[in-house]
Amino acid sequence: MKKTLPDRLPTHVAIIMDGNGRWAKQQKLKRVEGHRVGIDSVRNITEACCDFGIPYLTLYAFSKENWSRPKEEVRTLMFLLGLYLENELPFMMKNGIRFNIVGERKDFSKALQAQFDHVINETAGNKNVLLTIGLSYSGRKEIVRAARLIAEDVKSGRIKRIDERTFKKYLYAPDIPDPDLLIRTSGEMRVSNFLLWQIAYTEIYVTDILWPDFRREAFLDALKDFAKRERRFGNIKEF
Ligand code: IPE
Ligand code: IPE
Ligand code: MG
């Protein structure tokens, strides 16, 4: 049965893409194969956002903490990241996808940083979906970094008032609205240091489906669930 799109869609969907390793284990494959197939899910979900008219998609691909994984796995992930950036540009241009990253870009090799810049610059004029990838990202680090930058600007007299609006301007991607929906695949009920500031009132959806299996149909189920939620933002009726 073909699933229809719900009336009320989120403007910004954030996803913790988890379960690549478990998927590979299930298939009796090496973990790297889970990451490889996970890239197909990234393309599939990005394309779905274009088709559904969801303008912001933020994907958690690599956390600051993930650097502590075995060297071989980190190396493989960096290799796949390079491959992704090399291969996906035509797809992004065809579908009007603007690419951006959040996280500590300086943690990556010069070659990868040059690839980030290339894809960011080439896609800068695209208007359908802003695809933001969390790379060497840590929500706490983002907040501490903002506090440090604010302290410097207060010291030099550039700013005087510190309120929520000012604070947001010092985050990695100040112009993106907060996520309406946060999806985590593979069943874990935790946020693992993702977008801590931004998810204050985000609706959370956890599915047992592993990331390499998470495709358009499963995404539609999440969107349908979101459409039923009553958002209150601390008030007594739906916002
Ligand atoms: C998510 O899958 C991808 C990254 C965090 C890089 P995992 O590699 O965490 O897979 P599991 O959680 O071990 O199944
Ligand atoms: C969260 O997944 C980070 C990313 C998806 C990039 P992890 O697999 O690293 O999270 P934990 O270790 O289960 O909390
Ligand atoms: Mg995991």
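This is a predicted model: local features need pLDDT of at least 70, side-chain atom pairs count only at pLDDT 80 or more; totals for chains, interfaces and linings use all residues.
## Polar contacts and the model

A polar contact is a pair of N or O atoms within 3.5 Å.

## Ligand 2

Asn66 gives one such contact: a polar atom of its side chain lies 3.0 Å from an oxygen atom of ligand 2. Asp18 also reaches this ligand, with a polar side-chain atom 3.2 Å from an oxygen atom of ligand 2. In the side chain of Arg184, an N or O atom is 3.4 Å from an oxygen atom of ligand 2. On its own, ligand 2 has 390 Å² of accessible area, and the protein covers 78% of this.

The residues that surround ligand 2 include Ile16, Met17, Tyr60, Ala61, Phe62, Ser63, Arg69, Arg190 and Ser192. Sorted by class, this shell holds five nonpolar, three polar and four charged residues. Strand S2, which covers residues 56-63, gives the most to the shell around ligand 2, with four residues. The space that ligand 2 takes up is the largest pocket.

## Ligand 1

Ligand 1 sits in the largest pocket. Helix H1 (20-26), helix H2 (31-52) and helix H3 (71-87) are the elements that give two or more residues to the shell around ligand 1. Of these, H1 gives the most, with three residues. There are 13 residues around ligand 1, and those that come nearest are Asp18, Gly21, Arg22, Arg31 and Arg69. The shell around ligand 1 is made up of three nonpolar, five polar and five charged residues.

In the side chain of Arg22, an N or O atom is 2.7 Å from an oxygen atom of ligand 1. A polar side-chain atom of Asp18 is 2.9 Å from an oxygen atom of ligand 1. At Gly19 the backbone takes part, with a polar atom 3.4 Å from an oxygen atom of ligand 1. Taken alone, ligand 1 exposes 380 Å², of which the protein buries 86%.

## Residues at both ligands

Asp18 has a polar side-chain atom 2.9 Å from an oxygen atom of ligand 1 and a polar side-chain atom 3.2 Å from an oxygen atom of ligand 2. Arg69 is among the residues that come nearest to ligand 1, and Arg69 is also one of the residues that surround ligand 2.

## Aromatic pairs

A pair of aromatic rings is described by the distance of the centres and the angle of the planes. The count of such pairs in this model is twelve. One of them, formed by Phe52 and Phe219, is stacked, with 6.1 Å from centre to centre and 25° between the planes. Phe52 belongs to helix H2 and Phe219 to helix H8 (residues 216-228), so this pair ties together parts that are 167 residues apart in sequence.

Technical notes
Residues are numbered from 1 along each chain as its sequence is written. Chains are lettered from A and ligands numbered from 1 in the order in which they are written. Side-chain values use heavy atoms; hydrogens and water are left out. A residue is near a molecule or strand if one of its heavy atoms lies within 4 Å of it. A polar contact is a pair of N or O atoms within 3.5 Å; within protein, one must be able to donate a hydrogen and the other to accept it, and residues adjacent in sequence count only if both atoms are side-chain atoms. Accessible areas come from the Shrake-Rupley method with a 1.4 Å probe; for residues, only the protein chains shown count as cover. On a 1 Å grid over the protein atoms alone, a cavity is a set of points where a 1.4 Å probe fits but cannot get out, and a pocket is an open set with protein on both sides within 12 Å along at least five of seven lines; lining residues have an atom within 4 Å of a point. A molecule sits in a cavity or pocket if more than half of its atoms lie within 2 Å of its grid points. Ala, Val, Leu, Ile, Met, Phe, Trp, Tyr, Cys and Pro count as nonpolar, Asp, Glu, Lys and Arg as charged, and the others, Gly among them, as polar. Rings of Phe, Tyr and Trp (its six-membered ring) pair if their centres lie within 6.5 Å; planes under 30 degrees apart count as stacked, over 60 as edge-to-face and the rest as tilted.
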